[in-house]
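Here is a short briefing for a first look at this structure. Start with the sequence and the model below.

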Amino acid sequence: MLVLVAPGQGAQTPGFLTPWLELPGAADRLAAWSDAIGLDLVHYGTKADADEIRDTAVAQPLLVAAGLLSAAALGDGNSAAESARVAGVVAGHSVGEFTAAAFAGVLDDEAALRLVRTRGLAMAEAAAITATGMSALLGGDPEVTVPHLEKLGLTAANVNGAGQIVAAGTLEQLAALEADKPEGVRRVVALKVAGAFHTHHMAPAVAKLEEAAKELSPAAPTTRYVSNKDGQVVTDGAEVVARLVGQVANPVRWDLCMETFQELGATALIEVCPGGTLTGIAKRALPGVATVALKTPDDLDAARTLIAEHAAV
């Protein structure tokens, strides 16, 4: 059983879309999406520097566009949703949930990009209210780490499994964490994000997303969609969208998503562009599950081989 997943914010790097635009029709598709959402995705995916694509309002639609573009390339190039039909399960980490919603047919590509553009802008506005950020903690026991974070006023915003938790809060709180690591934590690594996502700091963004979501007509998922909220399979399109909205201010439980992958019998996992983060976690948390990360089009053949061996009929 094949799982198709999409990474979250922080996975982007300068120029990461450049090789993908050499694929037939890719540049035209990205240009059309750029016009639809009022953001030059081609520029930001090929020429912008690290600071430019760190901007939340830019990074989020850029990551969703990259995921959709690379997923479409797995099949005949027509759409990500068509390619995703070979998967038994789809899921995304944080903003990657919007990519996964398009994979599952809940939203079409343009609707997903329009909504995530609103999300990025709203979260950037919320992040500007207070200087906040996020840091990954490597190692440690969640039962020890989470109470320690709470003592410092921080939130366990991402519980990723495989010994990784992401803390979020003010820059002062994160500096205190650097000086006072929880027992067992080897390293604290600042992430390339511009706010304390999935915490109460993002509450102002939820209302704006709720308003934007009223204009949507979500469809029922055509592929099993696993939610970051609780790792459960969601079968109603309106519920998927409601969870996309609420998840902005609530923790990501990727650990529970992976537990569901296991329960459903996952044998292989493909992470769309810019892949690497989620496959890295899967290699530690899902032993025996074959993985491929789509970083450049050179990875497509390996992914197609995995599809041939593990795809749903």
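α4 and α7 cross in the right-handed sense, meaning that the near helix is turned clockwise from the far one by less than a right angle. This is a predicted model: local features need pLDDT of at least 70, side-chain atom pairs count only at pLDDT 80 or more, and totals for chains, interfaces and linings use all residues. Residues are numbered from 1 along each chain as its sequence is written, and side-chain values use heavy atoms, without hydrogens and water.

**The helix pair**
- The axes of α4 (residues 56–74) and α7 (residues 109–129) come within 7 Å and cross at roughly 155°.
- That makes α4 roughly antiparallel to α7 (angles over 145 degrees count as such).
- Residues of α4 that meet α7 include Val64 and Leu68, and their counterparts in α7 include Leu113 and Val116; contact means heavy atoms within 4.5 Å.
- By class, this contact has 10 nonpolar, three polar and three charged residues.

**The enclosed helix**
- Eight of the eight residues of α6 (residues 96–103) are buried, so α6 is largely enclosed by the rest of the structure (buried means under 20% relative accessible area, with a 1.4 Å probe and protein chains only).
- Gly105 follows α6 and has a positive phi, near 80°.

**The sheet**
- Four strands form an open antiparallel sheet in the order β4-β5-β3-β6; two strands pair if DSSP finds at least two bridges between them.
- β4 (155–161) and β6 (185–190) stand at the edges, each with a single partner strand, so one side of each lacks a neighbour in the sheet.
- β4 pairs with β5 (residues 164–170) over five bridges.
- α9 (residues 171–179) lies across β3, β5 and β6, at about 135° to β5.

Conventions:
Helices (H or I, at least four residues) and strands (E, at least two) are DSSP runs, numbered from the N terminus. Axes are lines fitted to C-alpha atoms, for helices over the stretch in contact, and angles run from 0 to 180 degrees between N-to-C directions. Buried means under 20% relative accessible area, exposed over 50%, partly exposed in between (1.4 Å probe, protein chains only). Angles under 35 degrees count as roughly parallel, over 145 as roughly antiparallel, 65 to 115 as roughly perpendicular and the rest as oblique. Ala, Val, Leu, Ile, Met, Phe, Trp, Tyr, Cys and Pro count as nonpolar, Asp, Glu, Lys and Arg as charged, and the others, Gly among them, as polar.
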